[in-house]
Amino acid sequence: MALHLLKLCVGCDSIADLEGWIEENAALSRRLHRPHEQKHTTRMVPKRVAEILDGGSLFWVIKGQIACRQPLQDIRPFKDADGIGRCHLVLEPVVTPVDPRPCRPFQGWRYLEPKSAPRDLGSFGADLMTLPETLRRELAELGLL
């Protein structure tokens, strides 16, 4: 069973913001005639890479709630220009909203076991997907979603 990662999406106010950022990076790659690959750089390298790459996703925490996920394609450790070890999390550029769940702030990333991962919002029916994200967020905060 796949293991997931959980990470704060710092500076992002909504899923739409995240999708906009992804599209901006893809557009820049197209303008520069470079192949596009969505990567997120992090300081620490996960130790359980094989489990994560066996179908795992990066779950994003936006504004205090686990809001969406992106499937992980690869995990690439590297050293930056200063010789500090870092890691590229290579992601599919598709963002999938999930059942919103409160999450307190933390630094770095955390492992997220499959049994603890929120379900995709689409698995509840198409009606929830049509609700605006702000309304879904408020309903989840009230415990109604």
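Predicted model: local features only at pLDDT ≥ 70, side-chain atom pairs only at ≥ 80, totals over all residues.
**Entry 1**

Residues are numbered from 1 along each chain as its sequence is written, and side-chain values use heavy atoms, with hydrogens and water left out.

D13 forms a salt bridge with K63, with 3.8 Å between the closest N and O atoms; the criterion is a side-chain nitrogen of Lys or Arg within 4 Å of a carboxyl oxygen of Asp or Glu. D13 sits in the loop between strand 1 (4-8) and helix 1 (15-31), and K63 in the loop between strand 3 (57-62) and strand 4 (65-79), so the pair ties together parts that are 50 residues apart in sequence. I took helices (H or I, at least four residues) and strands (E, at least two) as DSSP runs, numbered from the N terminus. K63 counts as exposed because its relative accessibility is 52%.

**Entry 2: other salt bridges**

Through shared partners, salt bridges join E37, D74 and R76 into one network. I also recorded a salt bridge between R86 and D80, whose closest N and O atoms are 3.0 Å apart; R86 is partly exposed at a relative accessible area of 24%.

**Entry 3: R43**

I placed R43 in the loop between strand 2 (38-42) and helix 2 (49-52), and its 45% relative accessibility makes it partly exposed. Leaving out residues up to four places away in sequence, R43 touches I84, G85 and R86, where a contact means heavy atoms within 4.5 Å. The side chain of R43 reaches the backbone oxygen of G85 at 3.0 Å. The C-alpha atoms of R43 and C9 are separated by 15 Å, the two residues being 34 apart along the chain.

**Entry 4: cysteines**

I searched for disulfides, taken as pairs of cysteine sulfur atoms within 2.5 Å, and the structure holds 0 of them. C68 is in no disulfide, and the nearest cysteine sulfur, that of C9, is 6.7 Å away. C87 is likewise in no disulfide, with the sulfur of C9 again the nearest, at 17 Å. C68 counts as buried because its relative accessibility is 0%, and C87 is buried with a relative accessible area of 0%.

**Entry 5: the whole chain**

I find 4 helices and 7 strands in the chain, running β-α-β-α-β-β-β-β-β-α-α from the N terminus on. The radius of gyration is 16 Å, which agrees with the value near 15 Å that a compact globule of 145 residues would have; it is taken over C-alpha atoms, and the globule rule is 2.2 Å times the number of residues to the power 0.38. The C-alpha trace spans about 50 × 35 × 25 Å along its principal axes. Buried residues make up 41% of the 145.

Note on methods
Buried < 20%, exposed > 50% of the residue type's maximum accessible area, 1.4 Å probe, protein only. Polar contact = N/O pair within 3.5 Å; in protein donor to acceptor, adjacent residues only side chain to side chain.
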